[in-house]
Amino acid sequence: MEQYYYDFGTWIKKQLPYKVQKISVDAGFSCPNRDGRIGKGGCIFCDNRTFNPSYCGQGKTVSQQLEDGKKFFAHKYPGMKYLAYFQAYTNTYGSLEHLKSIYEEALGVEDVVGIVIGTRPDCVSEELLDYLEALSRRTFLIVEYGIESCNDATLKYINRGHDFACTRRAIEETARRGILVGGHIILGLPGEDAAESLRQAPVISSLPLNILKIHQLQIIRGTRLAQLYSQHPFHLYSVEEYIELIARYIQLLRKDLVLERFVSQSPPDLLIAPKWGLKNYEFAHRLNNYLKANRP
Ligand code: SF4
């Protein structure tokens, strides 16, 4: 199949000599934007119940979660290896000693060949980055930052608790150490129309990121955003509008930037809107058809 962008599947095959599957791990971290250290209430769109598949969390240790995850995926391919994905909340929010013990526990599990650490850009110290630099020399490691937007007014509105300068600093400091860096953004945040997203694309592309995940805005039950949406409903993209936007957006990105996802899919009972019911691979397929039919 013709490729119109550098997709994660192609990239990861070049990084590791075996098939890998990410296993989400909930290591019991909190978030400084929830517990009051940086903010209270968290980002207005956030509900961490959407992060965890059934095999993880529930008071199990990191190794137990990984073993359960392995059983869940083992039937797919013999010889499959795994990446421990620290996804829920802020996975660098703890003392360095504690963080080391958690990451090392994951790496001690048989067939776990690397880790992916999701975090906030204001939650990485120099000391931690120095440790991660050393870790990245002996194992496969991606540090994944929530960027969400480059627009400080939006970051303030969504109660993010940091500005874009902070994001840029963290990404640059991480990349400077030779650590693989991922970023996560949301398209369609309140106040951001398609023109604003397209303005941000080159800014995102100028960051020394290796991997980018792009998500559509979703309204999740029980969040502050759900409350705002019910009081003053605003426009959410249809699939067709979103495909068109993504097609234009990716034209503005570096060709070597690896695109890992375009959609997120929250559990149907938690999702208020938009109800697309599309998995990432289904979306990617539709996007590819669109890109093929609309070649520049
Ligand atoms: S999205 Fe991340 S940073 Fe924001 S409140 Fe949720 S866990 Fe914290």
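The accessible surface of the protein chain is about 13,600 Å² (Shrake-Rupley method, 1.4 Å probe). Carbon and sulfur atoms account for 51% of that surface. This is a predicted model: local features need pLDDT of at least 70, side-chain atom pairs count only at pLDDT 80 or more, and totals for chains, interfaces and linings use all residues. Residues are numbered from 1 along each chain as its sequence is written, and side-chain values use heavy atoms, without hydrogens and water.

**Overall fold**
- The protein chain holds 10 helices and nine strands (DSSP runs: H or I, at least four residues, for helices; E, at least two, for strands).
- Its C-alpha trace spans about 50 × 45 × 40 Å along the principal axes.
- The radius of gyration, over C-alpha atoms, is 19 Å, which agrees with the value near 19 Å for a compact globule of 296 residues (2.2 Å times the number of residues to the power 0.38).

**Burial and contacts**
- Of the 296 residues, 55% are buried (under 20% relative accessible area, 1.4 Å probe, protein chains only).
- Among contacts (heavy atoms within 4.5 Å) between residues at least 6 apart in sequence, 81% join residues at least 24 apart.

**Nonpolar cores**
- A nonpolar core is a set of buried Ala, Val, Leu, Ile, Met, Phe, Trp, Tyr and Cys residues joined through side-chain atoms within 4.5 Å.
- The largest has 83 residues; Phe86, Ile115, Leu132, Leu212, Tyr249 and Phe283 touch the most other members.
- Helix α9 (residues 239–251) supplies this core's largest share, eight residues.
- Another core, of 14 residues, lies apart from it and includes Phe8, Val116, Phe140 and Ile211.

Conventions:
Buried means under 20% relative accessible area, exposed over 50%, partly exposed in between (1.4 Å probe, protein chains only).
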